[in-house]
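Here is a short tour of one protein chain, written for someone meeting it for the first time. Have a look at the model, and then we'll walk through it piece by piece.

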Amino acid sequence: ERFLTISAGYTDVCAEAHDARVACWSLYEERSATQWAAPAEGLRAVATHSHSCAIRAETNRAYCWGFNSYGSLGNGSHRSREVVDTPTLVAGTRKFVKVAVSFLGTCALEASRGELFCWGSAPAAPEPDRCATGSEFGGSTRCALTPQPVFPRRNFSSVAIAVAHGCGIAATTNAYCWGANTFGELGNGTIDPATEEPQLVGVQA
């Protein structure tokens, strides 16, 4: 097999093949370490953690699969410890060009203007729903089961997220970060408390 890109996460690894397929392999629970292929064709821009998401090339629609306890798949549903092997269309009609994932959530850039949308449990994102996550995660938490707009007046060309913070590159090529800052994640020379407002990287507060 020949690949163009690869993404590794907490439990899964996915790679974009030359023939427009996404191949994944995992050690999550009952899965073996053998390779399995996502059945949807034409996927690109794959991102992986404990769940995976990719963009379908012909339509710019986002598809997700894997761990869905926090609504990370964005299909309007969730179930504690649910694992979905089949790439599932993200709810709504929006088109996306890039996608980023973390253990709890997903973010993607809208195709026309680079607006940021997130679902699951992502840093600074609106969480209008409540997800039952099982006793190992405290019973329930706030989440978003479908894509929600984040920073509506800002546009990005790239985005990356972790469990508690995220960063993006704006059209100006400046980098901005938001969320937790316990270890200086915001890159502004401080370890100030968390913020939901994007902070310019390299500029000390």
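How many disulfides does the structure hold? There are 3 of them, where a disulfide is a pair of cysteine sulfur atoms within 2.5 Å.

## What you're looking at

This is a predicted model, so local features need pLDDT of at least 70 and side-chain atom pairs count only at pLDDT 80 or more, while totals for chains, interfaces and linings use all residues. Residues are numbered from 1 along each chain as its sequence is written, and side-chain values use heavy atoms, with hydrogens and water left out.

## The chain as a whole

Let's start with the overall make-up. The chain has 17 strands and 0 helices; both are DSSP runs numbered from the N terminus, with helices (H or I) needing at least four residues and strands (E) at least two. Of the 205 residues, 48% are buried. Buried here means under 20% relative accessible area, exposed means over 50%, and partly exposed is in between (1.4 Å probe, protein chains only).

The accessible surface comes to about 9,600 Å², and 52% of that belongs to carbon and sulfur atoms. Those areas come from the Shrake-Rupley method with a 1.4 Å probe, and for residues only the protein chains shown count as cover. As for contacts (heavy atoms within 4.5 Å), take the ones between residues at least 6 apart in sequence: 41% of these join residues at least 24 apart.

## A hairpin at S1 and S2

Strands S1 (residues 3-8) and S2 pair in the antiparallel sense over 5 bridges; two strands count as paired if DSSP finds at least two bridges between them. They form a hairpin with 3 residues between them.

Is S2 enclosed or open? Strand S2 (residues 12-17) has 5 of its 6 residues buried, so it is largely enclosed by the rest of the structure.

## A four-strand sheet

Further along, an open sheet of 4 strands runs in the order S14-S15-S16-S17, with antiparallel pairing. Its edge strands are S14 (156-161) and S17 (195-200), each pairing on one side only. Neighbouring strands of this sheet are turned by 20° against each other on average, direction ignored. The angles use axes that are lines fitted to C-alpha atoms (for helices, over the stretch in contact) and run from 0 to 180 degrees between N-to-C directions.

Within the sheet, strand S16 (residues 175-179) and S17 pair in the antiparallel sense over 3 bridges. Cys177 stands opposite Gln199 in S17.

## Two nonpolar cores

A nonpolar core is a set of buried Ala, Val, Leu, Ile, Met, Phe, Trp, Tyr and Cys residues joined through side-chain atoms within 4.5 Å. The largest one has 16 residues, and those with the most contacts inside it are Leu116, Cys118, Phe151, Phe156, Val159 and Trp178. Strands S10 (105-110), S11 (116-120), S14 and S16 each supply at least two residues of this core. The largest share, 3 residues, comes from S14.

Apart from this core lies another, of 14 residues, with Cys53, Cys64, Val84 and Val90 among them. Back to Val159: which residues does it touch, leaving aside its neighbours within four places in sequence? Val159 is in contact with Ala100, Leu109, Leu116, Cys167, Gly168 and Trp178.

Cys53 and Cys64 form a disulfide with their sulfur atoms 2.0 Å apart, and the link is right-handed, with 110° about the S-S bond. Cys53 lies in strand S6 (residues 51-56) and Cys64 in strand S7 (residues 62-67), so the pair ties together parts that are 11 residues apart in sequence. Both Cys53 and Cys64 are buried.

Another disulfide joins Cys107 to Cys118 (S to S 2.0 Å), and this link is right-handed with 105° about the S-S bond. Cys107 sits in strand S10 and Cys118 in strand S11, 11 residues apart. Cys107 is buried at 1% relative accessible area, and Cys118 counts as buried at 1% too. Then there is the disulfide from Cys167 to Cys177 (S to S 2.0 Å), also right-handed at 105° about the S-S bond. Cys167 is in strand S15 (residues 165-170) and Cys177 in strand S16, 10 residues apart. Cys167 counts as partly exposed at 23% relative accessibility, whereas Cys177 is buried at 5%.
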